[in-house]
Amino acid sequence: MTDTSDFRAKPPEGIDADGASRQGASLYQLIREDIIEGRLAANERLVVTDLARRHGTSTNPVREALQLLRGEGFVTFVPNRGARVRPIDQDFVRDIYEIGVLIEPALTRWFVSMATVEDIAELERIQGLIEENNFADTFRHSELDTAFHTVMYQKHYNRHAAELWWKHREVLRAVSRRFDFTLARRAAILSEHRELIAHVKAGNANEAAELIARHVEGSGRHILEHMRARNAARAG
């Protein structure tokens with residue numbers, strides 16, 4: 001199998017991963033990580049000049065970063081009150097994955113009708129790497145899993161839908177890094193991927209679409225269960 005130590009998933013062709021300058025994109029990553037890890041608290045005010053001073057930059061890259069974070073839902077803008085950190089709570093995660101449940105079946109149904117022998121071979125190749133890794137390196141699994149789904153959506157004619165999928169998936173990927181995969185979820189991911197490939201091979205578009213809806217919902221619910229358990233532990 002190919003070494004995957006340096007593997008990085010990329011957005012579908014024609015979709016900019018962040019759409020900002022290099023400095024703005026770098027700040028976006030740093031501020032998003034601070035929000036996800038709780039270093040920036042829920043509802044905390046984000047002052048552009050303070051962030052620029054903290055990160056040793058001018059204010060323009062900070063504004064770029066905040067706009068990107070606003071687009072993902074991590075930051076809210078309130079008139080006359082500026083930017084604030086959006087709480088990364090269960091409602092936020094539910095809203096994000098439910099959009100995936102609506103979008104991905106349509107993207108998958110189209111892919112099945114258009115899939116080539118080369119597309120199927122690429123799905124099988126990436127799935128082989130996923131199984132070889134077997135969740136030993138969770139970051140690598142996340143990258144490979146994203147690449148697996150990107151194969152299905154990268155050629156879709158509706159670039160707005162593909163971009164929306166990518167951005168929402170990246171949000172869930174960022175949030176899910178805080179939690180480990182349960183054994184049940186690991187088994188479900190591997191099994192559903194294999195079943196999905198079989199449906200693509202057989203041209204079963206409706207079955208593949210139904211499966212991907214369950215797959216996305218399962219991922220979302222997995223994160224929610226972890227969040228509920230963490231909140232219960234804190235409350236106890």
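**Note on the predicted model**

1. W165 and W166 are both buried (under 20% relative accessible area; exposed is over 50%, partly exposed in between, with a 1.4 Å probe and protein chains only). For W165 the relative accessible area is 3%. Y153 is likewise buried, at 0% relative accessibility.

2. This is a predicted model, in which local features need pLDDT of at least 70 and side-chain atom pairs count only at pLDDT 80 or more, while totals for chains, interfaces and linings use all residues. Residues are numbered from 1 along each chain as its sequence is written, and side-chain values use heavy atoms, leaving out hydrogens and water.

3. The whole structure holds 5 aromatic pairs (Phe, Tyr and Trp rings, the six-membered one for Trp, with centres within 6.5 Å; planes under 30 degrees apart are stacked, over 60 edge-to-face, the rest tilted). One of them is Y153 with W165, edge-to-face at 4.8 Å centre to centre and 80° between the planes. Y153 lies in helix α6 (residues 138-153) and W165 in helix α7 (residues 159-176), 12 residues apart. W165 also pairs with W166: the centres are 6.1 Å apart and the planes at 65°, so this pair is edge-to-face too. Y153, W165 and W166 make up one aromatic cluster.

4. The protein has 9 helices and 3 strands (DSSP runs numbered from the N terminus: H or I of at least four residues for helices, E of at least two for strands). Their order along the sequence is α-β-α-α-β-β-α-α-α-α-α-α.

5. Of the 236 residues in the protein, 44% are buried. The C-alpha atoms fill a box of roughly 55 × 45 × 35 Å along the principal axes.
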